[in-house]
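The following exercises are to be worked through with the sequence and the three-dimensional structure at hand. Each task is followed by a solution in steps.

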Amino acid sequence: MTADARATPRGRPARAARPNGQWKVDGTAPLNANEEWKQQDGGLSVRARIENVYAAGGFASIDPTDLHGRFRWWGLYTQRKPGIDGGKTATLEPHELEDEYFMLRVRIDGGQLTTEQLRVIGGISTEFARDTADLTDRQNVQLHWVQVEDMPEIWRRLESVGLSTTEACGDVPRVVLGSPVAGIAADELIDPTAQIAEITERFIGDESLANLPRKFKTAITGHPSQDVVHEINDVSFVAVEHPELGIGYDLWVGGGLSTAPHLAVRLNAWVAPERVADVWLGVVSIFRDYGYRRLRNRARLKYLVADWGAEKFRQVLETEYLDAPLPDGPPAPKPLAQGDHVGVHRQKDGRRYIGVAPMVGRVSGSTLTAIADLLERHGSTRLRTTPHQKLVLLDIETDAVEPVIASLDALGLQARPSLIRRGTIACTGIEYCKLAIVETKQTATTAVLALEERLDRLDLPHPISLHVNGCPNSCARIQTADIGLKGQLLPDGDGGQTPGFQVHLGGGLASQHRDEGGTGRTVRGLKVTSEGIADYVERVVRRFLADRDAAADETFAQWAHRATEEALQ
C-alpha cells in the first residue's frame, strides 16, 4: 500500500501531502498568483515600461500587477497615504493604503560610497524627494515622495556615478552587506571588497536569479568585529583563519527574523576567497530550486534550512552545485570590539576613520550633500554606510579629526554619542510604510532625547540597544536587541486604542559582550505606550544596574534572561 493510500485511524484515506512549490521536486507550475505573474513576465522587465510608458502617463497609467509587484525589482514601493491610522493597516486593501508617491531604495553594496555618489543622492533627494533620506540597517539609502514621472532622470543620475536600484527590493538577491571598514581597518583579517564586487557584477540583474521564492540577503565581512549581522542573513561569509589553509570565510546559511525568527547555522565549511562567488551562487541556486513557493509566509530560505539541517544543506550544495567539496573549517572567534564602528579609529595607512550616529538613521538630502562637502574640504572622497544606520567617514588626517567631528556635530551626526543614542535604531514606521501600525522615527527620537537626560549620570557598562519597529515584521531587528519594541495598538482605557509596543528583552547577535546570537524573551502582558517608552527604559535600565552581577561583568541581555518577570515590568 502506498503512503497516499494508507488509511487513517478512522479508516479514511490519508490526504496526499500538498506540494510546496519546490521546482526540483514539484515542478515549476505556479501555485499562487504571485508565482504566476513572476513566471509570465519577470520583475526586471518593468524598467522599460516605467521609462517609456508610466513616466509619461503618470501614476494612473500603471498596471496594478506592475505597481504592486514588479516595481519592487527596481527599488520602488508605493508609500502610505498620510492620515490613515494604524488600526486600518490590516483592514484596507493595498490600493486604499497607498499614495501616488514612492519610496525609492538606492542599493549600496558593501556600503561603499564616494563623495560624488553621495552628492548625487543628496541632489536627487532635494530635487525629487522633498529632501528626505533615511539610512537603513541594510546599508541602503531610502528616499520618499518620489514620482514615477521622475524615475528616468533619477536613474540617469544614479547610473552616471555607478549607483543603481536594480533588485533593491523583490524576490531577488538584495544588497550585499559588507564590512564598513573593508580595506581600511588596521585590524582587518581580509578585505572582502573583491568578493562583493564579483557577486554583484556577475549576478545582480541576472534573469536566472531574478525569480526566487522570496528575498535573499547576503553578508560578507573580513573584520574581527563581525560587523554585518551575519546571523540574520540567508547566506553569510565571516572571515576566519584556517590552521592549514590560511584566511578565508566561515559559511553560514538560513538566517532571518520577521515574525518567525531563525538564526543562521554554520555549515562547518571553510571557503577560500576565490570560491566565494561560486559558493554564493550555489546557495542562492538551492534557494531557487528547492525553496518553498506555495506559501509566501514560509518561502524564506530559513524554512528550508530548518527542515533540512546544516548537514543535508551542505551535502546538496557540494554534490549538486559545486565542482569540489568544501574543506571543514573552524568557527570565527568571539568579536573583541563593537561592530558599529562609531568613534575614531586608526586606518591601515595611519589616517583615521570616524563613525557617526545620526538619530535613528534619519538624515536628509541636504545633510548628505553637506557631508560630501565636508569630506572633500578635508581631502577625503570616501565614506561607508553600516548595517546599524550609521555612517563611517574615511581617510581623515589625524590633525583634522577634531574639526571634522565639530562639523559633524553641527549636522546632527555624533562621533561620541550617548550609549543609548548609539544603540537605537528604528524602522520607517507609519509615516511612509503601508505595513506599519505605529509611528517609529519620531517616537524613538523623543525617547532617546529624554533618556539622554535621565541616564546621563548612570555608568552603563555597554551600549543598550533599543530597536523600535512599527509592525511585527522586524525590519528593525526587535528580537536581537537588548530592548526590542514591536508596534501594536493598545487599549487606551477609554474604549479606544493608542499606539504602543510589545516588549522583547535580552536579544543580541555575536559581539564582544556575548559569545553567540540569541533572541529576546517576552513577558506576558509587558507592553508600553509610545509616550511611555522613556519611562519604561529608564526603569528597566536602573533595575538592571541595581541587580546585575558586576563582578561577572553581566550584560543587560544576560540579566534580562535570568530576571524575574516582576523585575522586567
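**Exercise 1. Determine which residue caps the N-terminal end of α2, and where the buried residues of α2 lie.**

Step 1. Asn32 caps the N-terminal end of α2, with a side-chain oxygen 3.1 Å from the backbone nitrogen of Asn34. A polar contact is a pair of N or O atoms within 3.5 Å; within protein, one atom must be able to donate a hydrogen and the other to accept it, and residues adjacent in sequence count only if both atoms are side-chain atoms. Helices (H or I, at least four residues) and strands (E, at least two) are DSSP runs, numbered from the N terminus. The model is a predicted one, in which local features need pLDDT of at least 70 and side-chain atom pairs count only at pLDDT 80 or more, while totals for chains, interfaces and linings use all residues. Residues are numbered from 1 along each chain as its sequence is written, and side-chain values use heavy atoms, with hydrogens and water left out.

Step 2. In helix α2 (residues 33-40), the buried residues are Asn34, Glu35, Trp37 and Lys38. Buried means under 20% relative accessible area, exposed over 50%, and partly exposed in between (1.4 Å probe, protein chains only).

Step 3. The buried residues of α2 pack against α4 (64-68), whereas Ala33 and Gln40 are exposed on the face turned away from the buried side. Contact means heavy atoms within 4.5 Å.

**Exercise 2. Describe the open sheet that contains β9, and the helices that lie across its strands.**

Step 1. The order of the five strands is β6-β7-β8-β9-β10, and their pairing is mixed. Two strands pair if DSSP finds at least two bridges between them. At the edges are β6 (173-178) and β10 (265-271), each of which pairs on one side only. From one strand to the next, the twist averages 25°.

Step 2. Strands β8 and β9 form a hairpin with three residues between them. Eight bridges join this antiparallel pair, and Phe237 has Leu251 in β9 as its bridge partner.

Step 3. Strand β9 (residues 246-253) is also joined to β10, by four bridges, and the two run antiparallel. Tyr249 stands opposite Val271, and Asp250 opposite Trp270.

Step 4. Six of the eight residues of β9 are buried, so this strand is largely enclosed by the rest of the structure.

Step 5. Helix α8 (residues 193-203) lies across β6, β7 (216-221) and β9, at about 170° to β6. Helix α9 (residues 276-290) lies across β6, β7, β8 (235-242), β9 and β10, at about 160° to β7. Axes are lines fitted to C-alpha atoms, for helices over the stretch in contact, and angles run from 0 to 180 degrees between N-to-C directions.

**Exercise 3. Describe the open sheet that contains β14.**

Step 1. Five strands in the order β3-β14-β15-β12-β11 form this sheet, with antiparallel pairing. One side of β3 (112-114) and one side of β11 (343-346) is left without a neighbour in the sheet, because each has a single partner strand.

Step 2. Three bridges connect β14 (residues 382-385) with β15 (residues 391-396); Arg384 stands opposite Val392 in β15.

Step 3. Helix α6 (residues 115-128) packs on the sheet, touching β3 and β14, and its direction makes about 85° with that of β3. Helix α11 (residues 365-377) lies across β14 and β15, at about 20° to β15.

**Exercise 4. Is His462 buried or exposed, and which residues does His462 touch?**

Step 1. His462 is in the loop between α14 (441-454) and β17 (466-469). With a relative accessible area of 6%, His462 is buried.

Step 2. Not counting residues up to four places away in sequence, His462 touches Leu419, Asp482, His513, Phe544, Thr555 and Phe556. A polar atom of the His462 side chain lies 3.1 Å from the backbone nitrogen of Phe556.

**Exercise 5. Which residues touch the most other members of the largest nonpolar core?**

Step 1. A nonpolar core is a set of buried Ala, Val, Leu, Ile, Met, Phe, Trp, Tyr and Cys residues joined through side-chain atoms within 4.5 Å.

Step 2. The largest such core has 56 residues, of which Ile50, Phe71, Phe102, Ile121, Ile354 and Ile371 touch the most other members. A second, separate core of 39 residues includes Tyr249, Ala269, Val276 and Phe287.
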